[in-house]
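Subject: Structure for you to look at

Hello,

Here is the structure I said I would pass on. My notes follow below it.

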Amino acid sequence: MAPQAAQLDHLAADRERMVERQIAARGVDDQRVLDAMRQVPREAFVAPGFEEFAYEDSPLPIAEGQTISQPYIVALMIEAAEVRPGDRVLEIGAGSGYAAAVLGRIAAQVYTIERHGGLARSAQDRLARLGYRNIDVRCGDGTLGWPQVAPFDAIIVTAGGPEIPESLRNQLTTGGRLVIPIGSLSDEQRLVKVVRDGEHAFHEEDLGAVRFVPLIGEHGWSEELPEESGAPIEAELRPPARSRPPTGLLRQTAERLPDLDDPAFGRLFDRFADARVVLLGEATHGTSEFYRARAAITRALIERHGFNIVAVEADWPDAAAIDRYVRHKSRPPEATPAFRRFPTWMWRNLEVHEFVDWLRAHNEGQEPAGRAGFFGLDIYNMSASIRAVIDYLDKVDPEAARVARERYGCLTPWQHDPATYGRAVLSAGYAKCEAAVVAMLRELLEQRLLYEAGDSEDFFDAAQNARLVASAERYYRVMYYGAAESWNLRDRHMFETLEQLLAWRGDGSKAVVWAHNSHIGDAAATEMGEMRDEINVGRLCRERFAETAVLIGFGTDRGTVAAASDWDGPMEIKQVRPAHRDSYERLCRDSGVSRFLVDLRQGRSAELRSSLLYPRLERAIGVIYRPETELASHYFEASLPRQFDAYLWFEQTRAVTPLPTTPRPGMPETYPFGL
Ligand code: SAH
């Protein structure tokens with residue numbers, strides 16, 4: 001029977017959009033399910049105040065700490081249960097009554113059980129008010145089923161239990177389908193479909209990973225358990241990877257990678273020749289193949305397509321030492337050697353060394369203005385930047401240098417451990433240095449015309465250092481307000497530095513960026529972007545450069561990696577665990593192609609792209625790697641084709657080769673190499 005509530009046009013439009021984008025686009029194609037989802041007014045089922053979110057792509061809270069399921073999950077479960085007109089259906093976990101209403105639009109009769117009396121009553125009232133006459137709501141323990149009205153053609157359980165309750169299987173008709181999430185409370189659950197083939201014959205299918213609120217009852221979890229174990233009562237956080245994984249399609253579409261030293265490898269990237277910025281990621285901070293592949297791509301882009309900026313996730317003043325080396329700028333030796341801060345192996349390694357030597361040799365044959373430079377986007381070496389600004393002013397404007405010493409003196413107590421600055425400012429009433437560092441930057445920029453008359457490159461370098469100090473001061477302060485805020489500030493600084501570089505090198509300038517996947521993949525396509533509003537360099541580049549920004553991700557299954565166990569800890573060579581079964585990495589491994597490139601841009605391999613769209617796990621190893629807690633510490637959820645324009649896969653990889661961090665006795669510090 002049709003619901004009678006009058007619907008406003010815009011709600012119908014929201015519903016239509018929900019069905020198209022969240023449900024049909026993800027592959028639910030049962031027309032009855034789509035039609036039913038178009039008809040049920042979801043806003044009538046959410047908690048008061050949540051109406052405006054009713055058509056969002058997520059579960060929402062209802063009373064008793066429970067949730068109304070995400071629309072896609074409701075559709076997916078009903079499709080999997082193959083609900084047909086004429087069917088008698090049992091639902092366990094009525095909650096708001098929403099899923100029951102959708103079922104009621106398709107089946108002949110729906111029975112639904114809810115353990116919370118209050119929820120059961122309000123679901124019943126709501127369904128009656130909306131005019132549903134074919135739904136019976138009952139309060140009780142659904143793990144026992146509803147023997148009085150059994151058997152059922154389909155049973156759907158919308159809470160997760162430890163195992164499949166016998167009682168439910170036995171209340172299926174022959175040919176009947178049961179769909180239920182199963183698994184431990186703290187870890188993951190699997191959505192399982194059980195089909196009854198005969199009196200005692202059943203078979204099961206695994207529909208993927210999900211997260212539901214706990215099923216509590218005689219054949220479920222015990223009542224005390226969930227609260228005590230701190231179990232997630234957030235409902236489905238991780239919807240299933242639907243249908244069969246597209247390994248075959250991946251195998252056909254993947255472009256095999258030639259040897260990294262083969263010129264054919266570089267030519268694979270000719271397709272990105274017209275980009276303004278090519279961003280090259282990495283899935284760890286210590287994998288040789290990622291560095292060597294990025295070097296080979298960068299060489300090709302510089303040699304064949306006129307790229308003239310290499311901007312990397314390293315500190316500005318440290319990278320500046322390499323830049324002077326590769327662009328043949330004579331300078332006195334650095335006061336303090338570059339790349340001596342943790343994590344030294346990130347830039348002090350054989351792979352970077354070889355690339356830097358190539359760049360220097362390549363530049364030798366170029367006019368100075370045409371030489372490609374090497375720059376750092378990151379903000380961690382605040383003390384070197386302070387020193388660089390003061391050294392510069394000592395040369396061009398000693399009076400300004402005196403002022404700079406005084407102003408930056410505010411930060412002196414924290415220079416060796418800037419992370420404590422934020423806390424000190426907040427708690428101990430220490431003076432905030434914000435005004436001083438901002439004034440310093442402003443005055444330096446105001447003197448631009450005067451200072452630039454000397455050496456404009458030196459001025460640019462000093463201005464970047466002053467910008468860095470201003471960003472770093474804020475960075476260490478907001479660190480105490482939350483990870484997302486400081487992350488955003490750092491990535492915004494990195495992006496702005498890239499923009500400064502492009503503007504400074506003029507119209508034809510083109511940049512290659514080397515940074516971790518987490519900086520260069522579009523944050524909007526990851527759970528960090530969706531749930532914590534994180535932005536990153538990749539996101540900002542897309543906003544600024546549209547399709548002339550190319551975001552290339554990298555991944556691996558297993559091997560060795562250089563990483564530490566703790567911040568500031570020693571570098572270790574660790575084993576990378578084979579990828580998690582619900583990850584993109586696992587999918588790549590299962591393709592059977594050991595090294596490949598996939599072009600994920602719109603309109604290229606459309607079929608592969610859409611088969612990869614629905615989010616899966618993805619692994620990120622940084623300077624810290626903790627294999628013992630890998631799932632919790634290193635995996636996040638993302639939609640790979642939305643995150644990257646292309647993806648490079650190296651099934652098995654090995655750690656970078658670090659270079660010594662202390663000079664050999666009697667030898668001057670020679671990094672960056674041979675000066
Ligand atoms: N189908 C619901 C989603 C509800 S969330 C909707 O569309 O809104 C799961 C519900 O299962 C919760 O309301 C929870 O109270 C209920 N539940 C948990 N264990 C149960 C049990 N053994 N019997 C009946 N309901 C149960």
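Strand β12 (residues 309–315) pairs with β14 in the parallel sense over 4 bridges; two strands count as paired if DSSP finds at least two bridges between them. Helices (H or I, at least four residues) and strands (E, at least two) are DSSP runs, numbered from the N terminus. In this pair, Ala 311 stands opposite Val 513 in β14. On β14 there is also a parallel pairing with β11 (residues 277–280), again over 4 bridges, and there Leu 279 is opposite Val 513. Within β14 (residues 511–514), Ala 511 and Val 513 point one way, Val 512 and Trp 514 point the other way, and all are buried. Buried means under 20% relative accessible area, exposed over 50%, and partly exposed in between (1.4 Å probe, protein chains only). In a regular strand, side chains alternate between the two faces of the sheet.

Please keep in mind that this is a predicted model: local features need pLDDT of at least 70, side-chain atom pairs count only at pLDDT 80 or more, and totals for chains, interfaces and linings use all residues. Residues are numbered from 1 along each chain as its sequence is written, and side-chain values use heavy atoms, with hydrogens and water left out.

As for the whole protein, there are 26 helices and 20 strands. The C-alpha trace spans about 90 × 60 × 50 Å along its principal axes. Of the 675 residues, 58% are buried. Taking contacts (heavy atoms within 4.5 Å) between residues at least 6 apart in sequence, 71% join residues at least 24 apart.

The ligand has 27 residues around it, and Glu 91, Ser 96, Glu 114, Gly 142 and Ile 216 come nearest; a residue counts as near if one of its heavy atoms lies within 4 Å of the molecule. Polar contacts here are pairs of N or O atoms within 3.5 Å; within protein, one must be able to donate a hydrogen and the other to accept it, and residues adjacent in sequence count only if both atoms are side-chain atoms. A polar side-chain atom of Glu 91 is 2.9 Å from a nitrogen atom of the ligand. From the backbone, an N or O atom of Gly 142 lies 2.9 Å from a ligand nitrogen, and a polar atom of Arg 115 lies 3.2 Å from a ligand nitrogen.

The whole structure holds 47 salt bridges, each a side-chain nitrogen of Lys or Arg within 4 Å of a carboxyl oxygen of Asp or Glu. One of them joins Asp 30 and Arg 84 at 3.5 Å, N to O. Asp 30 lies in the loop between α1 (9–23) and α2 (31–39) and Arg 84 in the loop between α3 and β3, so the pair ties together parts 54 residues apart in sequence. Asp 30 is buried at 12% relative accessible area, whereas Arg 84 is partly exposed at 32%.

Arg 558 and Glu 651 form another, with the closest N and O atoms 3.0 Å apart. Since Arg 558 is in strand β15 (residues 549–563) and Glu 651 in strand β20 (residues 646–653), this pair ties together parts that are 93 residues apart in sequence. Arg 558 is partly exposed at 23% and Glu 651 is buried at 15%. Asp 599 and Arg 601 also form a salt bridge, at 2.8 Å between the closest N and O atoms, and both are buried. Salt bridges with shared partners join Asp 522, Arg 539, Arg 542, Glu 543 and Asp 645 into one network.

Glu 585, in helix α23 (residues 584–590), is buried yet has no salt bridge; the nearest side chain of opposite charge, Arg 619, is 5.0 Å away. For charge, Lys and Arg count as positive and Asp and Glu as negative, while His and the chain ends are not counted. The side chain of Glu 585 does reach the backbone nitrogen of Arg 619, at 2.8 Å.

Lastly, the backbone. Most residues other than glycine have a negative phi, and most peptide bonds are trans. A cis peptide bond joins Ala 150 and Pro 151, with omega about 0 degrees, and another runs from Phe 342 to Pro 343, with omega near -5 degrees. Phi is positive at Glu 82, near 50 degrees, and at His 328, near 55 degrees.

Regards
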